[in-house]
Amino acid sequence: MAGTVMPSPIRVEEDEAENIERIRELKNERGDSLIILAHHYQRMGVHACGDVVGDSYHLCKAAAHTDKARDIVFCGVRFMVTSAATLCREDQIVYHPDRNAGCPMADMANLPQVRTSWKELGEVVETAKVVPVVYMNSDLDLKAFCGERGGIVCTSSNAGKVFDWCFERGEKIFFFPDEHLGRNTANKYGIARDQIVLWDPKLPKGGLSDEQIANSKVILWKGYCHVHTRFSVEMIEKVRAEHEGIKVIVHPECTEQTVAAADFSGSTGFIQNYVENTMKPGDKVAIGTEVNMIHRLSVEYPDRLVIPLVRSLCPNMFKISTGDLRDCLENLDTWEPVTPDPAEKAFAKTALDNMLACAG
Ligand code: SF4
């Protein structure tokens with residue numbers, strides 16, 4: 001049969017089963033005082049240890065609303081963990097099993113650059129009428145920047161609602177650091193193409209004319225996720241040629257061309273729900289997102305074909321192993337907690353609370 005593509009197995013550490021057993025023991029010992037949050041992109045073994053699993057929005061919501069747990073261990077990348085540490089109660093402690101797990105996209109915008117850009121925007125338009133929106137995938141100081149200026153945090157699962165929230169409060173959106181989530185959301189929202197402009201922070205006034213800035217409704221920061229911009233229209237055409245009747249879902253961090261060519265686009269929560277609840281046995285789907293999630297879904301639902309458009313791995317999400325999680329739990333009493341800078345925390349919390357309130 002032409003081109004039956006099965007996901008290649010992800011490397012499983014030999015001592016994985018032993019680590020998982022030990023993690024479960026440690027969890028039982030601590031009972032309700034401990035909660036483990038795990039992002040959908042975590043390796044299968046780590047994901048299996050999560051008390052709550054989901055996308056960054058749902059995990060942050062869980063951190064904000066968990067009542068019994070005192071200790072929150074977050075298996076994800078740094079921006080998720082600092083957000084959880086900002087949203088949780090004062091008596092709760094958040095831990096990250098590997099503090100080196102960051103995000104290259106989050107690093108594409110820093111506070112001095114954003115401040116300079118905001119000032120330059122203010123030379124052309126009234127910034128009081130511009131709502132700053134920062135993607136969850138960003139450092140805490142940028143969330144604080146938004147909170148201080150009446151802005152909001154968005155995720156890929158609530159971006160449309162965040163646009164509604166912004167246009168009730170202002171005339172323009174300044175969206176950073178992911179160009180593609182911003183563009184795909186603006187396209188879906190029906191904003192005219194010439195009113196969506198790209199701000200290059202390396203150029204004066206983002207490389208835009210005063211007229212382009214004044215005419216814009218959505219100003220997008222030039223940043224991207226290398227895991228998702230890898231997917232292309234050609235890959236979609238190829239998988240459709242190889243698998244008759246296959247559906248294609250991609251994440252909104254993909255380019256607008258890739259999103260337009262796919263059948264559906266949505267957050268990891270949307271993708272999980274599609275495979276779990278929309279697909280029937282025998283159905284086929286090719287997915288354009290991080291490969292560990294796709295591999296896990298293919299194992300959990302063996303009666304349907306779930307394959308990656310192409311294998312695209314996030315090396316930062318991959319950093320946390322069951323060995324790291326076990327190590328963290330075995331040494332929790334001395335593990336260094338994640339403590340947000342108090343100067344950033346209050347305003348960052350405002351932007352995160354706006355997100356939670358607007359999405360319900
Ligand atoms: S998948 Fe992309 S956006 Fe998510 S953590 Fe990895 S690099 Fe960052």
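Modeller: Asp 210 counts as partly exposed, because its relative accessibility is 39%, between the 20% and 50% limits. Keep in mind that this is a predicted model. Lys 205 is the partner of Asp 210 in a salt bridge, at 3.1 Å from N to O. Lys 205 is also partly exposed, with a relative accessible area of 22%. Elsewhere, salt bridges with shared partners link Glu 18, Arg 22, Glu 25, Arg 326 and Glu 330 into one network.

The whole structure holds 24 salt bridges. One of them pairs the side chains of Asp 71 and Arg 30, at 3.7 Å from N to O. Asp 71 sits in strand β3 (residues 71-75) and Arg 30 in helix α1 (residues 16-30), so this pair ties together parts that are 41 residues apart in sequence. Asp 71 has 2% relative accessibility and therefore counts as buried. Arg 30 is partly exposed, at 27% relative accessible area. Another salt bridge joins Arg 149 to Glu 148, again with 3.7 Å from N to O. Arg 149 is partly exposed, with 32% relative accessible area. Glu 148 is partly exposed too, at 47%.

The largest nonpolar core has 85 residues, and Leu 121, Phe 174, Phe 176 and Val 275 touch the most other members. Helix α4 gives this core its largest share, 6 residues. Apart from this core lies another of 17 residues, including Ile 23, Leu 34, Leu 325 and Cys 328. As a general point, nonpolar side chains in soluble globular proteins tend to be buried together.

Among the buried residues are Phe 79, Met 80, Val 81 and Leu 87. Thr 86 lies in this helix, which spans residues 78-87. Thr 86 is buried, because its relative accessible area is 0%. Leaving out residues up to four places away in sequence, Thr 86 touches Leu 140, Pro 340, Lys 345, Ala 348, Lys 349 and Leu 352.

β7 runs parallel to strand β5 (residues 130-135), joined by 5 bridges. In that pairing, Val 131 has Ile 173 as its bridge partner. β7 also runs parallel to strand β9 (residues 218-221), with 3 bridges between them. There, Val 218 of β9 stands opposite Ile 173.

Strand β12 covers residues 284-288 and pairs in the parallel sense with β13 over 4 bridges. Lys 284 has Leu 305 in β13 as its bridge partner. From β13, Leu 305 and Ile 307 point one way, and Val 306 and Pro 308 the other; all are buried.

Ser 265 in β11 is the bridge partner of Val 250.

Last, confidence. The average pLDDT is 94, and 96% of the residues score at least 70. Residues 1-11 fall below 50, although this stretch has 25 contacts in the model beyond near neighbours in sequence. Where pLDDT is low, the predicted coordinates should not be read in detail.

How values were computed:
Residues are numbered from 1 along each chain as its sequence is written. This is a predicted model: local features need pLDDT of at least 70, side-chain atom pairs count only at pLDDT 80 or more; totals for chains, interfaces and linings use all residues. Side-chain values use heavy atoms; hydrogens and water are left out. Two strands pair if DSSP finds at least two bridges between them. Helices (H or I, at least four residues) and strands (E, at least two) are DSSP runs, numbered from the N terminus. pLDDT is the predictor's confidence in each residue, from 0 to 100. Contact means heavy atoms within 4.5 Å. Buried means under 20% relative accessible area, exposed over 50%, partly exposed in between (1.4 Å probe, protein chains only). A nonpolar core is a set of buried Ala, Val, Leu, Ile, Met, Phe, Trp, Tyr and Cys residues joined through side-chain atoms within 4.5 Å. A salt bridge is a side-chain nitrogen of Lys or Arg within 4 Å of a carboxyl oxygen of Asp or Glu.
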